[in-house]
Amino acid sequence: MGREELSRAREQALHGLRVELKRQIASTLSGTPRYCALVQQLEALTRDHDAAQMRWFRDLTQEHPLQES
């Protein structure tokens, strides 16, 4: 499996996790410890995803520097 396929598979898996967490959050009573834990998990997943996207972009621009036109 190439880099593109792995990236796509990871994105699909993350999307599935986000959807499941949001479903669980929606079905959990607000303010409960479980609700708070689910929200924290979703926030951590989002932060990790954002950091991974920034690393990917940094690596891409190191391999292929942006040029002004």
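Guide: Here is a look at the helix pair and then the pocket.

This is a predicted model, where local features need pLDDT of at least 70, side-chain atom pairs count only at pLDDT 80 or more, and totals for chains, interfaces and linings use all residues. Residues are numbered from 1 along each chain as its sequence is written, and side-chain values use heavy atoms, with hydrogens and water left out.

Start with helix 1 (residues 3-26) and helix 2 (residues 33-63), whose axes lie 10 Å apart and pack at an angle of about 160 degrees. Helices here are DSSP runs of H or I, at least four residues long, numbered from the N terminus; axes are lines fitted to C-alpha atoms over the stretch in contact, with angles running from 0 to 180 degrees between N-to-C directions. Helix 1 and helix 2 are therefore roughly antiparallel (the term covers angles over 145 degrees). On the helix 1 side, the contact (heavy atoms within 4.5 Å) includes Leu14, Leu17 and Leu21, and on the helix 2 side it includes Leu38, Leu42 and Leu45.

Now the largest pocket, with a volume of about 420 Å³. A pocket is an open set of points on a 1 Å grid where a 1.4 Å probe fits, with protein on both sides within 12 Å along at least five of seven lines; lining residues have an atom within 4 Å of a point. Of its 13 lining residues, Arg3, Ser7, Ala52, Trp56 and Asp59 are the closest to the centre. Helix 2 gives the largest share of that lining, 7 residues.

Conventions:
Helices (H or I, at least four residues) and strands (E, at least two) are DSSP runs, numbered from the N terminus. Angles under 35 degrees count as roughly parallel, over 145 as roughly antiparallel, 65 to 115 as roughly perpendicular and the rest as oblique. Grid points are joined across faces, edges and corners, and a volume is the space filled by probe spheres set on the points.
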